[in-house]
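Reader: I would like to go through the labels attached to this model and hear what each of them rests on. Could you take them in turn and set each value against its rule?

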Amino acid sequence: MTAITEHPERQDLPHTPGLARRHLSTTALVFMIIAASAPLTVLAGGVPTNFAVSGLLGVPLGYLALGVILALFAVGYGAMSSHIQNAGAFYAYIGEGLGPRQGIAAAVLALVSYNMMQIGLYGMFGFALSAFIATMGISLPWWLSALLGWAVVAVLGVRSVDLSAKVLGVLVALEFLVVIVVCVLSLGTAPEGISAQTLEPGQFFAHGIGVLLAFAIAAFMGFESGAIYSEEAKDPRRTVARATYIAVGVIAVFYAFSAWALAMGVGPSMILSRSAEEGPDLVFLWLAQHSEPLSVLANLLFITSLLAALIAFHNAAARYFFALGRSRVLPSRLGASGRSGAPIWGSLAQSSLAIIVIAVFAVVGTGSPLGELFPVITLFTWLTNAAAFGLVFLLAVTSVAVIAWFHRNPEGHGPLARIIAPTLAALGLLTVFGLILANFDLMIGADGPTPLVIVMPTIILSSGVLGWIWAEILRRRRPEDFAGLQDLDHHIQPVDLPTSR
């Protein structure tokens with residue numbers, strides 16, 4: 001059997017040959033996955049936005065429906081992860097199932113999508129941190145606040161993955177605690193009583209369901225990143241699948257419950273209008289009515305929630321740079337890791353891209369009529385929604401690749417993991433992909449026709465096309481490297497560092 005993974009013994013790579021092995025437990029991996037979806041960011045930003053734009057009360061059902069689709073995806077994805085461990089998860093899985101050219105195309109598309117998601121988050125982070133600091137009487141431009149977050153992420157990115165896991169573990173735990181407090185307070189003060197109105201099928205299967213699902217899928221972005229850390233997991237044959245199942249279940253149920261609880265706290269008859277009027281401020285304004293200190297704490301943790309997501313997506317993008325550098329699809333220097341086992345050059349590449357984009361938006365946004373909301377309406381909204389578009393497409397293609405790979409390598413798995421689950425997942429994800437494309441103007445907040453509806457999705461899909469073209473160039477000009485992508489053994493031996501206790 002062949003695999004699209006890379007030799008650890010490449011002599012032309014500077015310094016260490018691989019990532020740190022056996023460092024991440026299931027718990028650490030779950031925290032890193034959930035950090036990317038940012039629980040408090042979803043409750044404060046995603047849930048009110050979904051209520052406002054979809055005009056439906058069935059937002060909680062949207063999270064549950066997507067949870068089912070992604071759980072089906074995780075069945076085949078998790079089964080395949082027990083056989084293939086590679087830091088470029090989409091790269092390896094699609095390459096294994098559909099061929100090396102398709103794998104490289106997927107890797108470039110994933111690299112662009114993860115970078116856009118991560119860099120776009122700096123727009124919201126910079127705005128939120130500046131707004132919070134302004135309450136202390138200090139005025140900072142959004143880009144300076146964004147650079148403070150960038151510095152933290154850049155430092156953690158070149159350190160051991162253990163440190164990132166510990167930081168993310170603390171931040172995610174605090175997020176969950178605040179969201180739970182909001183839920184308990186909501187149910188305890190429900191002005192219209194406790195009801196199942198937001199869980200009624202008629203509030204979900206209605207005009208606007210496409211918008212609802214298109215916005216809700218953003219809450220799950222990053223759930224697939226467990227496989228990216230498979231080379232660094234303690235027991236990759238079990239850890240990745242287990243962590244993915246847990247993360248999908250927790251995200252779907254917890255977000256559905258918190259969306260329902262918030263609707264009860266505000267009141268089902270008021271949640272749509274208040275969400276449209278107050279947007280992401282709804283949660284904090286609502287909390288301030290009950291406890292000003294709690295509102296301030298939630299606001300602060302909203303910022304750290306964004307920081308956690310920045311770290312998680314930075315790590316994912318850095319490992320895609322690493323995987324592509326190690327296989328010589330990109331410059332081989334990117335495939336080097338530091339003494340800590342971190343993908344140091346991949347991390348530096350991601351940080352460099354981020355600071356360039358932040359600088360460009362800082363210059364362009366000077367004197368913008370959008371005022372303080374400029375980084376949110378442009379940098380954050382444009383890039384993160386385009387990234388979600390790309391990642392959903394990759395999830396669908398990965399489901400097809402899983403089917404193709406198990407057709408050639410049954411590996412003792414039953415029809416559920418080999419055919420049924422990935423087929424249903426592919427159909428569901430392609431449907432969501434179409435819904436995002438059809439509602440992209442609403443997702444980026446366009447008031448009328450705008451070129452961005454075409455430009456942003458085109459950037460994503462074009463990156464995959466360019467990746468395929470580059471793969472064909474490699475096949476013709478460097479056949480020995482291209483052949484290696486088909487023949488390399490998939491049992492990677494990363495650098496073995498002492499495991500943390």
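Author: Let me begin with the rule for charged pairs: a salt bridge is a side-chain nitrogen of Lys or Arg within 4 Å of a carboxyl oxygen of Asp or Glu. The model is a predicted one, and by this rule the count comes to 4 salt bridges.

Reader: What makes the contact between Arg475 and Glu472 a salt bridge?

Author: The N to O distance between the side chains of Arg475 and Glu472 is 2.6 Å, and because the rule asks for a nitrogen of Arg within 4 Å of a carboxyl oxygen of Glu, the pair qualifies. Both residues belong to helix 17 (residues 452–477), where they are 3 residues apart, about one turn of the helix.

Reader: Which residue of helix 17, 4 residues from Glu472, also meets Glu472 in a salt bridge?

Author: That residue is Arg476, whose side chain meets that of Glu472 at 2.9 Å, N to O; the two lie in helix 17, 4 residues apart, again about one turn of the helix. Arg101, Glu472, Arg475 and Arg476 are linked in a network of salt bridges.

Reader: How do you know whether Glu472, Arg475 and Arg476 are buried, partly exposed or exposed?

Author: Glu472 has a relative accessible area of 11%, and because buried means under 20%, Glu472 is buried. Arg475, at 33%, falls between the limits of 20% and 50% and therefore counts as partly exposed. Arg476 has 62%, and since exposed means over 50%, Arg476 is exposed.

Reader: Why are Arg274 and Glu278 said to be separated by about one helical turn?

Author: Arg274 and Glu278 are 4 residues apart in helix 10 (residues 271–278), which means that about one helical turn separates them. Their side chains meet in a salt bridge at 3.2 Å, N to O, and both Arg274 and Glu278 are buried.

Conventions
Residues numbered from 1 in each chain as written. Predicted model: local features only at pLDDT ≥ 70, side-chain atom pairs only at ≥ 80, totals over all residues. Heavy atoms only, no water. Buried < 20%, exposed > 50% of the residue type's maximum accessible area, 1.4 Å probe, protein only.
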